[in-house]
Amino acid sequence: MTDGPEPSDHELAHWLAQQAGDQLLSLREEMEDSGAGYLHRELAGDQLGHRYLTGALAQLRPDDVVLSEEGRDDGARLEAERVWIVDPLDGSSDFADQWSETWAVHVGLSVNGQPTAGAVAVPPWGRTFSTAAAGEPPSETGRRRPLVVMSRSRVRWDGHRLARRLDADVYGVGSAGVKAMAVVTGEADAWVHAGGLYEWDTCAPAAVALAAGLHASHLDGSPLRYNRRDLAQWGILICRPELASDLKAAFSA
């Protein structure tokens, strides 16, 4: 970062996610020009994002611990109060698909288990969302039915449940960060995931959503906690606050 006062955690998360996203965009263009294969593009993106974020955090927050999807978890984080939880390339398979715009970079900070700061860069949109610029919940959209986004693999069963019980419109979308940011922007009313995820999938998106005044919890309503021994999470809900009760009830039976 430029010389000057030390950035806040919120500002740092925003800057890191944006910088990583810009580098990934450049890499994607280079690999398209070179004709690199699908798996090569996916792996190269994961590695670039991981190297950049872990290296930058080691320099700029040397006393903090970093947990990356692409790194090794040696358990040292369990003794730390401050843990950066990053997904260097969320939606790597979409990144490898030159026609897809549903991939993101997640930079989240857990302090004593709470999602305290975070940023989600969505480079194909040219936008970075973060707790550095928290806003109000999206205004009323005028939609007659709630629009819910979820993983493509879950639309067949979970989507049908919501369509029946809430008369919802359901769309399958890649990347956890993209789905969550669709709710932040008001393009969607909710992101529902009734299956398993990992902490790096949700830490940064949850921090940004909460800062924007949205509801973020497990699908049963319990609060999201981070830097736990078991990194798996089950059931995620990010939505407009007024929809939370109905969405939780739809999956409680």
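## Rings, charges and a buried tryptophan

The charged end of Arg 156 sits over the ring of Trp 157, and the distance to the ring centre is 5.2 Å. Keep in mind as you look around that this is a predicted model.

Let's step back to the whole chain. A compact globule of 253 residues would have a radius of gyration near 18 Å, and the chain has 18 Å, so the two agree. Along the principal axes, the C-alpha trace spans about 50 × 45 × 35 Å. Of the 253 residues, 53% are buried. The chain exposes about 11700 Å², with carbon and sulfur atoms supplying 47% of that area. Now take the contacts with a separation of 6 or more: 66% of them are between residues 24 or more positions apart.

**A tryptophan inside**

Is Trp 191 buried or exposed? Its relative accessibility is 0%, and buried means under 20%, so Trp 191 counts as buried. You'll find Trp 191 in strand β8, which covers residues 190–198. Which residues does Trp 191 touch, leaving aside its neighbours within four places in sequence? Among them are Val 149, Met 150, Ala 176, Lys 179 and Val 183, and also Leu 197, Thr 202 and Ile 236. Arg 229 is 38 residues away from Trp 191 along the chain, and their C-alpha atoms are separated by 25 Å.

**Rings that pair up**

How many aromatic pairs does the structure hold? There are three. One of them joins Trp 125 and Phe 129 edge-to-face, at 6.2 Å centre to centre with 85 degrees between the planes. Trp 125 is partly exposed, with a relative accessible area of 28%, while Phe 129 is buried at 6%. Then there's Tyr 198 with Trp 200: the ring centres are 5.3 Å apart and the planes lie at 20 degrees, so this pair is stacked. Here Tyr 198 is partly exposed, with a relative accessible area of 42%, and Trp 200 is buried at 11%.

**Charges that meet**

Side chains of opposite charge can pair when their charged atoms come close. This structure holds eleven salt bridges, and the table shows some of them.

| Salt bridge | N to O distance |
|---|---|
| Arg 77 and Asp 73 | 3.0 Å |
| Arg 228 and Glu 199 | 3.1 Å |
| Glu 242 and Arg 240 | 2.9 Å |

What does the pair of Arg 228 and Glu 199 tie together? Arg 228 lies in the loop between β9 (215–218) and β10 (232–239), and Glu 199 lies in helix α6 (residues 199–211), so the pair ties together parts that are 29 residues apart in sequence. Arg 228 is partly exposed, with a relative accessible area of 28%, whereas Glu 199 is buried at 0%.

Terms used. Residues numbered from 1 in each chain as written. Predicted model: local features only at pLDDT ≥ 70, side-chain atom pairs only at ≥ 80, totals over all residues. Heavy atoms only, no water. Helix = DSSP H or I, 4+ residues; strand = E, 2+ residues; numbered from the N terminus. Buried < 20%, exposed > 50% of the residue type's maximum accessible area, 1.4 Å probe, protein only. Contact = heavy atoms within 4.5 Å. Phe/Tyr/Trp six-rings, centres within 6.5 Å; stacked < 30°, edge-to-face > 60°. Lys NZ or Arg CZ within 6 Å of the ring centre and 35° of its normal. Rg over C-alpha atoms; globule rule 2.2 N^0.38 Å. Areas by Shrake-Rupley, 256 points an atom, 1.4 Å probe, with all protein chains shown as cover. Salt bridge = Lys/Arg side-chain N within 4 Å of Asp/Glu carboxyl O.
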